Amino acid sequence: MAPPRWAAGIDAFRTVPVDLAEATRTGAAMTLLAAVTCSVLPGPRTDVVLDSNQDSLLRINFDVSMLDMACDHVTVGVWDAFGTERMNITSNVLKTRLDHNGASKGRPYTEDELVALEFADASFSTEEQRELDSDWSSSSDQFHHDDFQSVVDAHDYTFVNFYADWCPHCRAFGPTWDAFEAQLNSAERPVVDADGAKANVRVLKINCVDFEETCQQQKVHSFPTVRLYRRGFDQKQWVDFRGKREIAYLESFARHEVKKAHRNADAKFHDIFSEGCRIQGFVEVARVPGTVHFQAMHTADRTLNLAFTNVSHRINSFTFGEEPAAMRRMLPEEYTRHAAPLDGRSFTVDKFHQAPHHFIKVVHTRFEASDLRSYQQTHQWSVRTIQRKTVPQAKFSYDLSPVEVVIRKGERRWYDFVTSVFAIVGGAFTVMSMASGVLNVASAQFKRSINKIG
């Protein structure tokens, strides 16, 4: 039974009479393209499920070259989220000595070089510099006066007068010191070091009544006490002034002490060891987040300045799991590059108190068709700035995903296939129809322009 005539008004799929429709070669080509697209639609299916791996341990394979750390001084350690920590791991670890490719042999840094390099890039804002250059005469002025070592480290040399308000000798010495402070701080006659380079010498005073704790830390036992501090050295090391409290003697003392030192203004970073070390092996860890680190250590007959050890490195290989490299090469290309994204990369720093830190997300991946298993990785890294007394470490922090990815090749449910077909066909015809409309409008406009010209 045919539907009533009035029902034709709600038809959402109205047709164009055959006499008004035109078949074109372009339309035929697009039809064939849509058909081919639909025919190749089935492909690998990816499912995300809870990790089925029930192993209690995870194997981490590493092959890392420390670029400037001798094998005698490098150690491997592991820490995990359970609080387990293992230091100086030697089992299943092989160390191979590396040379510096014929470059000059390494040597330890001198104390002067360390100071020059560590503070070479020191820069302060105008407000910060005013704070560091100011006298500590009162705790109620506009400055903070909360870090004496920062004041010392802000200048090559700092000449300090520790005094007390109630001290008569301090009051008598006060005008002389103020005149000397203004004269030397004006920099009209620069103070130079042993190499003739201009030194930044600051003269200031500290009121030990208002800043009693600082004076106690500096072991000031009498007033006035005048000392010369040098940047970068321990804050309890200084040179006492014991001459006459006159401007000429104060200036002569300052110039004489600065003149004795080589500040190594042209110091350069260099290798401190004559060789590097390649570390190969593996370690088994609990399947929880953790960190593998490489760092320097002392030996029985040699103590290192660990804070200035360079942990720059090249990663030859860093992978998870027990599958051999040959098996990893059997993975599809889009998965191979994520199985070992760190391989062949170098991570270096060129300043003290810095170290590369890697962050790795590990996902267990299973390929059902080939029965292969792989640990896929995503990687990020940053350069950590660490405290002056902290030993730098090359860290590899890893975190295991609680799910696994299952790759099933060539499987697709019938309703997924039908849905995809509808989407592809509908999208293709819609896009082609819009493109055809644009071309028709453009063609009509072009013809009008030609006619007007004619």
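A search of the whole structure finds 13 salt bridges, each a side-chain nitrogen of Lys or Arg within 4 Å of a carboxyl oxygen of Asp or Glu. The model is predicted, so local features need pLDDT of at least 70 and side-chain atom pairs count only at pLDDT 80 or more, while totals for chains, interfaces and linings use all residues. Residues are numbered from 1 along each chain as its sequence is written, and side-chain values use heavy atoms, with hydrogens and water left out.

## Overall picture

The protein chain has 10 helices and 18 strands. These are DSSP runs numbered from the N terminus: helices are H or I with at least four residues, strands are E with at least two. Of the 454 residues, 40% count as buried. Buried means under 20% relative accessible area, exposed means over 50%, and partly exposed lies in between (1.4 Å probe, protein chains only).

The accessible surface of the protein chain comes to about 26700 Å². Carbon and sulfur atoms account for 55% of that surface. Areas come from the Shrake-Rupley method with a 1.4 Å probe; for residues, only the protein chains shown count as cover. A contact means heavy atoms within 4.5 Å. Among contacts between residues at least 6 apart in sequence, 80% join residues at least 24 apart.

## Salt bridges

Side chains of opposite charge can pair when their charged atoms come close.

| Pair | N to O distance |
|---|---|
| Arg231 and Asp156 | 3.2 Å |
| Asp240 and Arg227 | 3.1 Å |
| Lys260 and Glu257 | 3.1 Å |

Arg231 and Asp156 meet in a salt bridge. This pair links distant parts of the chain, 75 residues apart. Arg231 sits in the loop between strand S10 (225-230) and strand S11 (239-240). Asp156 sits in the loop between helix H4 (148-153) and strand S6 (157-163). Arg231 is buried, at a relative accessible area of 13%. Asp156 is buried as well, at 14%.

Asp240 forms a salt bridge with Arg227. Asp240 lies in strand S11 and Arg227 in strand S10, so the pair ties together parts that are 13 residues apart in sequence. Asp240 is partly exposed, with a relative accessible area of 27%. Arg227 is buried, at 4% relative accessibility.

How do Lys260 and Glu257 stand, buried or exposed? Lys260 counts as exposed, at 53% relative accessibility. Glu257 counts as buried, at 15%. Elsewhere, salt bridges that share partners join Asp135, Asp178, Glu181 and Lys205 into one network.

## Disulfides and other cysteines

A disulfide is a covalent bond between the sulfur atoms of two cysteines. Here the cut-off is a pair of cysteine sulfur atoms within 2.5 Å. The structure holds two disulfides. With bonded cysteines counted along the chain, their pattern is 1-4, 2-3.

The link of Cys71 and Cys277 is right-handed, with 100 degrees about the S-S bond. Cys71 lies in the loop between strand S2 (57-66) and strand S3 (74-80), and Cys277 lies in strand S12 (residues 276-286), so the pair ties together parts that are 206 residues apart in sequence. Cys71 and Cys277 are both buried.

Cys208 and Cys215 form a disulfide, with their sulfur atoms 2.0 Å apart. The torsion about the S-S bond of Cys208 and Cys215 is about -85 degrees, so this disulfide is left-handed. Cys208 is buried, and Cys215 is too.

Cys167 is buried at 3% relative accessibility. Cys170 is buried at 8%.

## Strand S3 and its partners

Six of the seven residues of S3 are buried, so this strand is largely enclosed by the rest of the structure. Two strands pair if DSSP finds at least two bridges between them. S3 pairs with strand S13 (residues 290-296) in the antiparallel sense over seven bridges. Within S13, Phe294 stands opposite Val76.

S3 also runs antiparallel to strand S4 (residues 85-86), joined by two bridges. Val78 has Arg86 of S4 as its bridge partner. The hairpin of S3 and S4 has four residues between the strands. Gly83 in that hairpin takes a positive phi near 90 degrees.

## Helix H3

Which residues of helix H3 (residues 126-133) are buried? They are Glu131, Leu132 and Asp133. The buried residues of H3 pack against H4 and strand S9 (201-207).
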